[in-house]
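Trainee: I would like a close look at a single part here, followed by the things that surround and connect the rest. Could you walk me through it slowly, with the cut-offs as we go?

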Amino acid sequence: MFPETAQKYDKLRQIVGDMESALVAYSAGVDSTLVLKVAHDVLHERVLAATGLSDTYPEEEMDEARVLAAEIGAEHLRVNTMELTDPRYASNNSQRCFFCKTELYSKLVAVAKERGYAWVLDGTNADDLGDHRPGLRAARDWNVRSPLVEAGLTKKEIREISSELGLRTWDKPAFACLSSRFSYGDPITVEKLKKVAKAESAMRQLGFRGFRVRHHDNVARIELEPEDMQRALELRDEITAGITQAGYAFVTLDLGGYKAGNLNKLLKPKVIAASIG
């Protein structure tokens with residue numbers, strides 16, 4: 001571990017250790033897994049992992065959250081969230097994540113108070129602060145702390161620490177809720193979410209990791225890492241079969257490749273600035 005990263009890791013342990021007890025908003029991603037691992041290491045039984053149970057996350061991720069929490073040794077709780085019943089969320093405007101996180105954090109704060117946990121923590125990292133993330137406002141509204149940000153840890157450093165700690169999430173591709181597969185303004189429904197989930201499951205079964213299947217009505221637009229594009233062409237029949245079985249009529253490959261938050265390119269700069277501020 002590089003010295004600067006080691007110093008930030010020590011700071012992270014101190015920050016969390018000073019909290020007395022904590023409930024971790026746990027998604028089984030790289031970031032929240034490190035937060036949970038550190039919290040369990042320093043707080044022991046005074047930590048709880050809580051995952052929002054919703055149609056916006058595929059079952060595979062839910063199952064992995066349960067398994068990973070067990071591997072770490074932390075108690076795991078699944079909390080039902082109802083963001084899809086909020087018309088402001090379902091309409092899928094640029095503030096969608098704010099309404100989603102408001103629903104999640106309100107439920108987690110209630111659980112924390114009921115069970116006597118001092119803080120609710122999330123997995124926001126230092127790199128997240130410069131992107132369009134309305135959920136950060138919701139975290140502030142509900143007094144949710146981001147220890148990775150407080151320690152100044154970037155995604156690269158988080159992966160480095162996770163590898164050192166033996167966490168198998170260290171090289172896990174970034175994942176966002178399935179609602180991020182839809183262009184802003186395209187209403188979110190359970191039927192559409194299941195369609196995308198099935199299409200992405202087909203891609204994972206073919207061995208692809210860092211990718212997105214973007215929903216455009218009857219068209220599935222696949223974003224892949226550049227090194228996977230040749231393989232995708234070789235498997236085009238299998239890919240087409242899997243995604244059409246999910247309910248799409250047409251399958252396209254985006255030559256621009258995969259980049260987290262790609263659909264944010266359609267937002268005006270002032271919208272992004274407002275979400276950050």
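Mentor: Happy to! Two strands count as paired if DSSP finds at least two bridges between them. Strands (E, at least two residues) and helices (H or I, at least four) are DSSP runs, numbered from the N terminus. Keep in mind that this is a predicted model, in which local features need pLDDT of at least 70 and side-chain atom pairs count only at pLDDT 80 or more, while totals for chains, interfaces and linings use all residues. Residues are numbered from 1 along each chain as its sequence is written, and side-chain values use heavy atoms, with hydrogens and water left out.

Let us take the open sheet of three strands, whose order is 5-6-7 and whose pairing is mixed. Strand 5 (211-216) and strand 7 (250-253) are its edges; each has a single partner strand, so one side of each is left without a neighbour in the sheet. From one strand to the next, the twist averages 25°. Axes here are lines fitted to C-alpha atoms (for helices, over the stretch in contact), and angles run from 0 to 180 degrees between N-to-C directions. Strand 6 (residues 219-224) pairs with strand 7 in the parallel sense over four bridges. Within that pairing, R221 has T252 of strand 7 as its bridge partner.

Helix 9 (residues 190-205) touches strand 5 and strand 6, and its direction makes about 145° with that of strand 5. Helix 11 (residues 236-245) touches strand 5, strand 6 and strand 7, its direction making about 130° with that of strand 7.

As background, an α-helix has 3.6 residues a turn, so residues three or four places apart point the same way. After helix 11 comes G247, with a positive phi near 120°.

Just after helix 5, G116 takes a positive phi of about 85°.

Now for the charged contacts. A salt bridge is a side-chain nitrogen of Lys or Arg within 4 Å of a carboxyl oxygen of Asp or Glu, and the whole structure has 20 of them. One of them joins E75 and R115, at 3.1 Å from N to O. This pair links distant parts of the chain, with E75 in strand 3 and R115 in helix 5, 40 residues apart. E75 counts as partly exposed at 43% relative accessibility, and R115 does too, at 41%.

Further salt bridges that share partners join E61, E64, E71, R168 and K172 into one network. In it, the side chains of E64 and K172 meet at 3.1 Å, N to O. E64 lies in helix 3 (residues 59-72) and K172 in the loop between helix 8 (155-164) and helix 9, 108 residues apart. K172 is buried, with a relative accessible area of 10%, whereas E64 is partly exposed at 22%. E61 also sits in helix 3 and is buried at 11%. Leaving aside neighbours within four places in sequence, E61 is in contact with S27, A28, K172 and F175.

Note on methods:
Contact = heavy atoms within 4.5 Å. Buried < 20%, exposed > 50% of the residue type's maximum accessible area, 1.4 Å probe, protein only.
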